[in-house]
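Hi,

Here is the structure I promised to pass on to you. Please open it next to this email, and we can walk through it together.

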Amino acid sequence: MHRVAIFVDAGYLFAQGSVAIAGSRAPRSNLALNAAVAISQLRKISDSKAPACGLLRIYWYDGAHGGVQLTADQAILAFCDDVKVRLGAINSQGEQKGVDSLIVTDLIELARQKSICDAVLISGDEDVRVGV
């Protein structure tokens, strides 16, 4: 089956997005996400990178306090069509933990099950290379 999945490391997207917009990294608490626009742009990226593939799903990886408590932005994304929110934890320094391993696990499992033939990965973390 010719399907593509999009894997988004939200921490990376917010960090690099703030640099692209403002020229420097802004605290996440100062940033807002327009979910509809973000999903639309991700779909366009998918269409341009894998034009012969239908979209399986957008996987949105983010941190959450306790690994389970959705923020308002995460809840909005969780109810969008074709989006699956996957949560790691946020440590005492405010850093995401466990997101990389979720990305790698999902990427490998979807490929192993032949659920996808292509993947669009939006991350800047070296740890996800093993999954690729």
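K114 is exposed, with a relative accessible area of 65% (exposed means over 50%, buried under 20%, and partly exposed in between, with a 1.4 Å probe and protein chains only). You will find K114 in the loop between α4 and β5 (helices are DSSP runs of H or I with at least four residues, strands are runs of E with at least two, and both are numbered from the N terminus). The phi of K114 is near 60 degrees, a positive value in a residue other than glycine. Most residues other than glycine have a negative phi. D82 is not a glycine either, and it has a positive phi of about 65 degrees. D82 lies in the loop between α3 and β3 and is partly exposed, with a relative accessible area of 37%.

Before we go on, a word about the model: it is predicted, local features need pLDDT of at least 70, side-chain atom pairs count only at pLDDT 80 or more, and totals for chains, interfaces and linings use all residues. Residues are numbered from 1 along each chain as its sequence is written, and side-chain values use heavy atoms, with hydrogens and water left out.

Now the aromatic rings. How many aromatic pairs does a search of the whole structure find? The search finds three (rings of Phe, Tyr and Trp, the last by its six-membered ring, pair if their centres lie within 6.5 Å; planes under 30 degrees apart are stacked, over 60 edge-to-face, and the rest tilted). One of them joins F7 and Y59, which are stacked at 5.4 Å centre to centre with 10 degrees between the planes. F7 lies in strand β1 (residues 3-9) and Y59 in strand β2, so this pair ties together parts that are 52 residues apart in sequence. F7 is buried at 0% relative accessibility, and Y59 is buried too, at 7%. Y59 also forms a stacked pair with Y61, at 6.3 Å centre to centre and 20 degrees between the planes. Y61 counts as buried at 0% relative accessibility. Together, F7, Y59 and Y61 form one aromatic cluster.

Next, the nonpolar cores (a core is a set of buried Ala, Val, Leu, Ile, Met, Phe, Trp, Tyr and Cys residues joined through side-chain atoms within 4.5 Å). The largest nonpolar core has 17 residues, of which I6, V8, L42, I58, W60, L77 and V83 touch the most other members. The elements that give two or more residues to this core are β1, α1, α2, β2, β3 (83-90) and β5 (118-122). Apart from it lies another core, of 13 residues, including A5, I103, L107 and I116. Which residues does L42 contact, leaving aside its neighbours within four places in sequence? L42 is in contact with I6, V8, I58, W60 and I122 (contact means heavy atoms within 4.5 Å).

Finally, the pockets. On a 1 Å grid over the protein atoms alone, a pocket is an open set of points where a 1.4 Å probe fits, with protein on both sides within 12 Å along at least five of seven lines, and its lining residues have an atom within 4 Å of a point. Grid points are joined across faces, edges and corners, and a volume is the space filled by probe spheres set on the points.

- The largest pocket has a volume of about 780 Å³. It is lined by 29 residues, of which G11, R28, D62, G94 and Q96 lie nearest its centre. α1 gives the largest share of this lining, five residues. The lining divides into nine nonpolar, 11 polar and nine charged residues (Ala, Val, Leu, Ile, Met, Phe, Trp, Tyr, Cys and Pro count as nonpolar, Asp, Glu, Lys and Arg as charged, and the others, Gly among them, as polar).
- The second largest pocket holds about 260 Å³ of space. Among the residues that line it are F14, S18, L33 and L42. Here too α1 gives the largest share, five residues. This lining has nine nonpolar residues, three polar and no charged.

Leaving aside its neighbours within four places in sequence, S18 is in contact with G23, S24, R25, A26 and L31.

Happy exploring!
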